Amino acid sequence: MAPTAPPDAYIHHLVTQPLPYVTHVQINRPAKLNAYFEPMWLELGRIFRDLSIDPDVRAIVLSGAGEKAFTAGLDVEAASAEGGILSGQKDLDGARKATMLRRHLEEFQESISAIEKCEKPVICVLHGYSLGLAIDMSTSADIRLCAKNTKFAVKEVDIGLAADIGTLSRLPKVVGNTSWVKDVALSARIFGAEEAFRVGFVSQVLDTKEQAVDTALKMAQLIASKSPVAVQGTKELLNHARDHSVAQSLRYTAIWNQTMLQTNDVPEALMSGIKRTKPTFAKL
């Protein structure tokens, strides 16, 4: 698999290109169940901002290295250590502590939101322990698949805090079931792959992690074969529609497509359909 960046570009994630225009990002801290600490989430944000504007990338698969976990969430020990996000600053007054925490949280939120803001579709493959931050990350993705052994939890109440990196904002919109969201968020209970599928959190459950990753890569390959103008526009318009009224979304779509309909991709796709040939789309 050809790397999309020099081998030493990223420390905590493996970034490869297993198929044309398809990038695979793997969380690479399996000895610690892929638990995140600050340099990791900052790197994650940088990766997705880089991939967002890379013309050689049209679809992305996000998964976790190792067999035990996609990610066990926040590395609480590292976060509680000196200088960590949960360590506190005893020499600061309340206002300065609050300002410091807000800046940390907003930086953390932006790192995870980079998945959602990425112009390219992101397919998230979950397996094993997928706790806390795993829900923040996966709800930022466009498509979610999981292995049958996946154990999910909105874990934050068990460490004395309300989830603050995206789960409480995105999960209700992903599943459309407030009662179920409050059930799992208030209790921090474990729920499995079949329950996740039943409520619409994931769109497919595969027997193994390997099958789930393979399915995601094939899905990404299919998406990458489409017009990047059409695919990226569809992601943008769907995300806009989620957060706006129908009238606002129709207006935004009209403004978007008044430009994007001028692409050469439309006649290329139409002619390939008529001639029954495979279309070739320019990089975007």
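## Contacts and salt bridges in a predicted chain

Phe201 touches Ile135, Ser138, Thr139, Arg144, Phe152, Leu171, Val174, Val175 and Ala196, leaving aside residues up to four places away in sequence. The model is a predicted one. Phe201 itself sits in the loop that runs between helix H7 (193-198) and strand S11 (204-206). With a relative accessibility of 2%, Phe201 counts as buried, because the cut-off for buried is under 20% relative accessible area. Cys146 is 55 residues from Phe201 along the chain, and the C-alpha atoms of the two are separated by 9.9 Å.

Asp142 is found between helix H4 (133-140) and strand S8 (143-147). Its relative accessible area is 29%, and Asp142 is therefore partly exposed. Not counting residues up to four places away in sequence, Asp142 touches Lys120, Pro121, Val122, Lys235 and Asn239. The C-alpha atom of Asp142 is separated by 8.8 Å from that of Ile115, a residue 27 positions away along the chain.

These two residues belong to a chain with eleven helices and eleven strands. Of its contacts between residues at least 6 apart in sequence, 67% join residues at least 24 apart. For 284 residues, a compact globule would have a radius of gyration near 19 Å, and the value of 20 Å for this chain agrees with that. The C-alpha trace spans about 70 × 40 × 40 Å along its principal axes. Of the 284 residues, 45% count as buried. The chain exposes about 14,400 Å², with carbon and sulfur atoms supplying 57% of that area.

Charge is the next topic. The chain carries 32 positive and 32 negative side chains, and the centres of the two sets lie 4 Å apart. The structure holds 15 salt bridges. One of them joins Asp56 to Lys283, with the closest N and O atoms 2.6 Å apart. This pair links distant parts of the chain, 227 residues apart: Asp56 is in the loop between helix H1 (38-52) and strand S4 (59-64), whereas Lys283 is in the segment after helix H11 (265-275). Asp56 is partly exposed, its relative accessible area being 32%.

Another salt bridge lies within a single helix. Glu106 pairs with Arg102, the closest N and O atoms being 3.4 Å apart. Both residues are in helix H3 (residues 94-117), and their spacing of four residues is about one turn of the helix. Glu106 is partly exposed, at 39% relative accessible area, and Arg102 is partly exposed too, at 41%.

The side chains of Glu116 and Arg170 meet at 3.1 Å, N to O. Glu116 and Arg170 are both buried. The two also belong to a network of salt bridges that links Glu116, Arg170, Lys173, Arg242 and Asp243.

Definitions and conventions: Residues numbered from 1 in each chain as written. Predicted model: local features only at pLDDT ≥ 70, side-chain atom pairs only at ≥ 80, totals over all residues. Heavy atoms only, no water. Rg over C-alpha atoms; globule rule 2.2 N^0.38 Å. Buried < 20%, exposed > 50% of the residue type's maximum accessible area, 1.4 Å probe, protein only. Contact = heavy atoms within 4.5 Å. Areas by Shrake-Rupley, 256 points an atom, 1.4 Å probe, with all protein chains shown as cover. Lys, Arg positive; Asp, Glu negative; His and termini not counted. Charge placed at Lys NZ, Arg CZ, Asp CG, Glu CD. Salt bridge = Lys/Arg side-chain N within 4 Å of Asp/Glu carboxyl O.
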